[in-house]
Every structure is written in structure tokens, then in C-alpha cells.
Amino acid sequence: MRVLLVYSNRTRDLILPPPIGLSYVATATRTAGHTVGFVDLLTSHNPQATLDTALHRFRPDVVGISVRNIDNVVYQRLQSHFDELSQYIALIRVATERRVPVV
């Protein structure tokens, strides 16, 4: 099975967090015998284009999205990440013609 893992965190308010949890999932998935692709959207200048390219090149059977936080955790200027996550899921649905599960 071809598994594409997406690190969706784009928050840069504090220290840039590495995708440690998703890296554990990638290692376990690879150890189980699956082919793993990994997309880190934190460093992307155009996350939708980066994700779209990865989907077309890798052609996954399943896509896993890591959600670090549902908001930026800064009370003084709170920002939700739900809209951005919804856009990624919509892009996955279009790019894969709704054929792959998103977890």
C-alpha cells in the first residue's frame, strides 16, 4: 500500500516544531511493509501546490494528515486551522477523484 503522510502544521509563532509524531507513524508504516511518502507543508511557500504535486507524483492509496493543533494557541490573536485543513482535504478529494481514504 502507498501511504502519503502530510504534516499540515503551518504555525510559525514560536519555535518551528519538527514532525516527530508523524515521523513515528511513517517509521511504523514503513516497517509494516508499506511504501511511505512524506509531505512537510510547514516549509512550503505554496502548500496547496506542494500537496497537489505530491498527490499526483506519489499516487497514494491512503493519505494521513497530521493535525498538531486546531488553532495557533495564541489567545491574543487566535486563529483556527480548520479552514486550511478543509482546503487540504478538498484538494485530496479532487486530486485523487475521491478514491483514497483520508485519515
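A: Start with the elements: helices (H or I, at least four residues) and strands (E, at least two) are DSSP runs, numbered from the N terminus. Read along the sequence, this protein chain follows the pattern β-α-β-α-β-α. It has three helices and three strands.

Q: What should I know about the model and its numbering?

A: This is a predicted model: local features need pLDDT of at least 70, side-chain atom pairs count only at pLDDT 80 or more, and totals for chains, interfaces and linings use all residues. Residues are numbered from 1 along each chain as its sequence is written, and side-chain values use heavy atoms, with hydrogens and water left out.

Q: How do I describe two packed helices, and what are the values for H2 and H3?

A: Two packed helices are described by the angle between their axes and the distance between the axes. Axes are lines fitted to C-alpha atoms, for helices over the stretch in contact, and angles run from 0 to 180 degrees between N-to-C directions. Here helix H2 (residues 47-58) packs with helix H3 (residues 82-95) at an angle of about 30 degrees, and the axes are 10 Å apart. That makes H2 roughly parallel to H3. The cut-offs: under 35 degrees is roughly parallel, over 145 roughly antiparallel, 65 to 115 roughly perpendicular, and the rest oblique.

Q: Is the crossing of H2 and H3 left-handed or right-handed?

A: A crossing is left-handed if the near helix is turned anticlockwise from the far one by less than a right angle, and right-handed if clockwise. The crossing of H2 and H3 is right-handed.

Q: Which residues of H2 and H3 meet?

A: Contact means heavy atoms within 4.5 Å. From H2 come Pro47, Gln48, Leu51, Asp52, Leu55 and His56; from H3 come Gln87, Tyr88, Leu91, Ile92 and Ala95. The residues of this contact divide into seven nonpolar, three polar and one charged. For these classes, Ala, Val, Leu, Ile, Met, Phe, Trp, Tyr, Cys and Pro count as nonpolar, Asp, Glu, Lys and Arg as charged, and the others, Gly among them, as polar.

Q: Is Ser44 buried or exposed?

A: Buried means under 20% relative accessible area, exposed over 50%, and partly exposed in between (1.4 Å probe, protein chains only). Ser44 counts as buried because its relative accessibility is 9%. It sits in the loop between strand E2 (35-40) and H2. Of the 103 residues of the protein chain, 38% count as buried.

Q: What does the side chain of Ser44 make a polar contact with?

A: A polar contact is a pair of N or O atoms within 3.5 Å; within protein, one must be able to donate a hydrogen and the other to accept it, and residues adjacent in sequence count only if both atoms are side-chain atoms. The side chain of Ser44 makes one with the side chain of Thr50 (2.6 Å). A polar atom of the Ser44 side chain also lies 3.1 Å from the backbone oxygen of Asn46.

Q: Where is Ser23?

A: Ser23 is in helix H1 (residues 20-31). It is partly exposed, because its relative accessible area is 32%. A polar atom of its side chain lies 2.7 Å from the backbone oxygen of Pro19.

Q: What is phi of Arg59?

A: Phi of Arg59 is near 50 degrees, a positive value in a residue other than glycine. Arg59 lies in the loop between H2 and strand E3 (62-66). Glu97 is not a glycine either, yet has a positive phi of about 55 degrees. Glu97 is in the segment after H3.
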